[in-house]
Amino acid sequence: MSKKITVDVHHLARVEGHGDIRIRIESGKLIDAAWEVVETPRFFEAMLVGKHYSTAPVLTARICGICSIGHALASLRGIENALGVAIPDTAAKLRLLAKHGETLQSHFLHLFFLAAPDFLGLPSVLPLLSTRPAVVALAAKAKGIANHLCDAVAGRTTHPVSFKVGGMSVAPDKAILAGLKNELAEIPELLKITVEIFQGFEIPDFARETEFVSLKGQKEYPWIGGRVVSSDGVDLPESSYREITNEFVTENNTSKWSKLSRDSYAVGALARFNNNFKHLAPAAKSIADFFRLSPVSHNPFMHNIARLVEVVHCLAEARRLVDELLDTDLSRNLAAEVTPRAGSGTGAVEVPRGILFHHYELDDTGRIAKADCVIPTTQNNANIHYDLVELARQCAARGLGDKKIELMCSMLVRAYDPCISCSVH
Amino acid sequence: MKYLNIAAAKPKVGVFSLTCCEGCALQLANKEETLAAFLSAVDVVNFREISSDKSDDYAIALIEGSISREDEVASLKAIRDRAKVLVAYGTCACFGGVNRLKNVLDFDWMNREVYGETPKATSPVRPVREVVPVDFEIPGCPVSKAEVERIVTHLVLGLPFAYPVYPVCVECKQRFTVCRFDLGELCLGPITRAGCNAPCPAGGLGCWGCRGPAEAPNYEEFLELARSRGIGDAELRERLSFFGGFDSAYELAQDEPLAVRPVA
């Protein structure tokens, strides 16, 4: 019997941006499978040339509507490294707190609004407004608290306004920080219910051996700057990012692809988890244990559980930072002096979807001569493609029908939480 | 459904993304305190970023992003044909947004700079109104969800909505923000339309003009003010061209030679 199956997903839903899935199967054999990014290219790196360095964090925030804080932070770090500026401790703590706010809101958005509907057999969370309003209220409350954290520290959730080269422009009011402390104390209760909900979800049993790339934690789970490590043994400083990312252009994608020791590699929550498990907070480790996630996991669907683990970890860190900042004089030491000079610098930041690199070359008047941004989804796109090929091959061998294959493959791509507009910056 | 004895419609809404960061669409899922009420006031039937349902039957189309490739023209025209009301949603849709910064570049150089020897299709960036007729514009980078709620409330109750005619400065005074000019910095607050509650001057960034011009802005006076505080035309032009809403002011700020520009 020569049964033909075609899956053709045009502009996959519940991901950021425009990407397509194409699969052809004949008589139980995979003929062709592809993940293709068709998003319109945006040319940010070319736009940055000639701009003053102070424009870069404002402009590059617009690369992404979900991780704009992460882009601003990578941009700031790249420029500060080029200018030889070390930011004050208080500013570093405030930036990290804003970063945790962003990771929390992005992970909540993905877990509840983008991933959960697949496990519940729904097209979106919208039907839950009438059938399970308590779940929507829970998701909205958790995500809302994370957004309040971003608003308080970065001045705004999307496209932050309180950062500047050298540190921070302003610090949040102590009264607002005290309010946040109370709000954050409500999240553990919300997380208990979240864990119960996710406990009922069946995570597909699939694995493909993968190289995982992330920042390397020295004493803590890593978020901003430092060395970069891979599960295949690569260990380099952030300034050597080009040796890690090895971007190349393919015919059918407006996003570039990356590779390191193999044909592709993965970044994101699972990569951070796999490479830095020992630095997780005890509460986060026990969630991992509860969901039977241990390093090194090669199941891409486990990205969802790794996100949940990171939520627990980020929450613990955010609460600690709020306490420390409440005991800090926030009226001074917010920014270092900055003097323009020629130089180049790289900033690596772990944003929700994985490691993000910004690199700048500045002239002696403070203008940008060259800019390069390597985005997590850009680094993941090749790995998503090869995962998709393997998953489609296994689905074909098992004789699954077209609807089931489409769902499984869509869930696979979503597990990476791709940010496609970002990847074609 | 009635509210204050006024009949309220529950319009079918589609949300569509052209070239942009999708941050404006994301705002629809933010402001969580009122999210359930907001989502119950409208019937979202097509919104790729959060739902795999795809209906072509919608009364209102929200378009975020600008047009930067020819295939976007055809999709936009198809949406225009189906929607009764087409809304340009966010700064990219209203003015082209930061995407438009590429329009002054040499396209061959730009494509080589990013894609090397494998150039990708791209066209000069246009706002939505240059491609199809637009019924309503909601500027902002990103849009203010509080303002979107005000607009949607007016829309479903069939009431007219008007933007503030005054500039961002008024909102800074209302929230006791120290004037960025008094700190020696540039701010487009005096010429930019209010309605956002001025988060950027309060956060230390100053206004970059994402909402476009206030009613009858006095550009000459504004440029005089900026120059009198020692701000040069090169910096003024970098700011005025950032979001694409201040072309005529940009033309007036030509007293100094252009900054380094990567034109082949």
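Colleague: How many residues from chain A and from chain B does the contact take?

Modeller: It takes 53 residues from chain A and 52 residues from chain B, where two residues are in contact if their C-beta atoms, placed from the backbone, lie within 7 Å. This is a predicted model, so local features need pLDDT of at least 70 and side-chain atom pairs count only at pLDDT 80 or more, while totals for chains, interfaces and linings use all residues. Residues are numbered from 1 along each chain as its sequence is written, with chains lettered from A and ligands numbered from 1 in the order in which they are written.

Colleague: What makes S1 and S3 of chain A edge strands?

Modeller: Strands pair if DSSP finds at least two bridges between them. The open sheet has the order S1-S2-S3 in chain A, with antiparallel pairing. Strand S1 (4–9) and strand S3 (29–37) of chain A each have a single partner strand, so one side of each is left without a neighbour in the sheet.

Colleague: How do you know that S2(A) pairs with S3(A)?

Modeller: Eight bridges join strand S2 (residues 19–26) of chain A to S3(A), and the definition asks for at least two. Within that pairing, A:Ile23 stands opposite A:Ala33 in S3(A).

Notes. Helix = DSSP H or I, 4+ residues; strand = E, 2+ residues; numbered from the N terminus.
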